[in-house]
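Dear colleague,

I am handing over the structure we spoke about, and my notes on what was found in it follow below. Please read them with the coordinates open beside you.

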Amino acid sequence: MAAPLRLPGVAILLPCFNEIGNIAAAVAEARMAAASAADDHEIVVVDDGSLDGTGKAARALAAADARVRVLAHERNRGYGAALRTGIAATRQPWLLLTDADLQFDLMQLADVTPLTTAYDLILGRRTPRRDPLHRRVYGHTWNWLVRRALELPVRDVDCAFKLARTELLQSLELRSTGAMISPELVARSLAQGARLVEVDVAHRPRLSGAQSGASPRVIVRALSELRSLRLSH
């Protein structure tokens with residue numbers, strides 16, 4: 001029997017804003033998942049101006065493991081800004097974009113690595129989605145709007161389980177600072193001819209911390225950035 005495909009190296013990116021209840025477990029799970037799927041790895045934590053001690057806790061984890069790196073924003077700049085900081089700093093050839101809220105079993109990384117022989121960008125699709133009803137309604141509406149505005153062949157564009165070639169992501173001129181980062185990333189990847197596939201991934205309910213994706217401020221910023229991207233697309 002052939003040995004399972006392993007990546008030469010993978011980084012797992014964990015953007016964080018006030019995730020003190022999740023950060024230690026998220027880093028531990030990321031370390032195990034990366035080791036199971038790749039010969040080399042790094043865990044990149046981006047603390048996006050947390051006020052609850054997330055950054056301090058992350059730095060303590062990094063002090064104990066040289067493969068854990070922490071990048072910090074002095075103030076909260078937004079989810080997209082955190083992803084852009086992490087993408088720019090990545091040193092491994094493959095990058096898993098995920099979250100630190102423990103809503104994904106990161107051990108699924110090894111399940112999707114065989115797809116890297118044929119695709120540059122592997123997008124997760126939450127099946128089923130384990131969020132409150134209002135979040136699911138918002139997500140369905142947002143995905144419909146994004147598909148219509150940008151003609152993206154993706155059903156769950158904001159799923160925080162995306163494995164991509166680092167070279168591809170670092171070549172994109174990403175501009176979004178908020179929730180529009182995911183649609184922009186997919187749209188610009190397709191524009192460069194990237195090979196893309198969407199696969200089902202298991203999703204968990206959030207058990208600690210607060211979700212901010214459906215806040216009015218986040219929604220207004222996302223709609224503004226969607227309009228700008230649509231005009232330039």
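The protein exposes about 11000 Å², of which carbon and sulfur atoms supply 54%. Please keep in mind that this is a predicted model, and that every value here is computed from it.

As to the overall build, the protein has 8 helices and 7 strands, and its radius of gyration of 17 Å is close to the 17 Å that the globule rule gives for 233 residues, so the protein is as compact as a globular protein of that length. The C-alpha atoms fill a box of roughly 45 × 45 × 30 Å along the principal axes, and buried residues make up 52% of the 233 residues. Among the contacts with a separation of 6 or more, 82% are accounted for by residues 24 or more positions apart. On the charge side, the mean positions of the 30 positive and 25 negative charges lie 4 Å apart.

Helix α7, residues 181–191, is largely enclosed by the rest of the structure, because 9 of its 11 residues are buried; among them are Ile181, Pro183, Leu185 and Val186, as well as Glu184 and Arg188. The helix is followed by glycine 193, whose phi is positive, near 85°.

Finally, the cysteines: a search of the whole structure finds 0 disulfides. The sulfur of cysteine 159 has its closest cysteine sulfur in cysteine 16, 17 Å away, which is too far for a bond, given that a disulfide requires the two sulfur atoms to be within 2.5 Å. Cysteine 16 counts as buried at 2% relative accessibility, and cysteine 159 likewise counts as buried, at 0%.

With best regards

Terms used. Residues are numbered from 1 along each chain as its sequence is written. This is a predicted model: local features need pLDDT of at least 70, side-chain atom pairs count only at pLDDT 80 or more; totals for chains, interfaces and linings use all residues. Side-chain values use heavy atoms; hydrogens and water are left out. Buried means under 20% relative accessible area, exposed over 50%, partly exposed in between (1.4 Å probe, protein chains only). Helices (H or I, at least four residues) and strands (E, at least two) are DSSP runs, numbered from the N terminus. The radius of gyration is taken over C-alpha atoms; the globule rule is 2.2 Å times the number of residues to the power 0.38. Contact means heavy atoms within 4.5 Å. Accessible areas come from the Shrake-Rupley method with a 1.4 Å probe; for residues, only the protein chains shown count as cover. Lys and Arg count as positive and Asp and Glu as negative; His and the chain ends are not counted. The place of a charge is taken as NZ of Lys, CZ of Arg, CG of Asp or CD of Glu.
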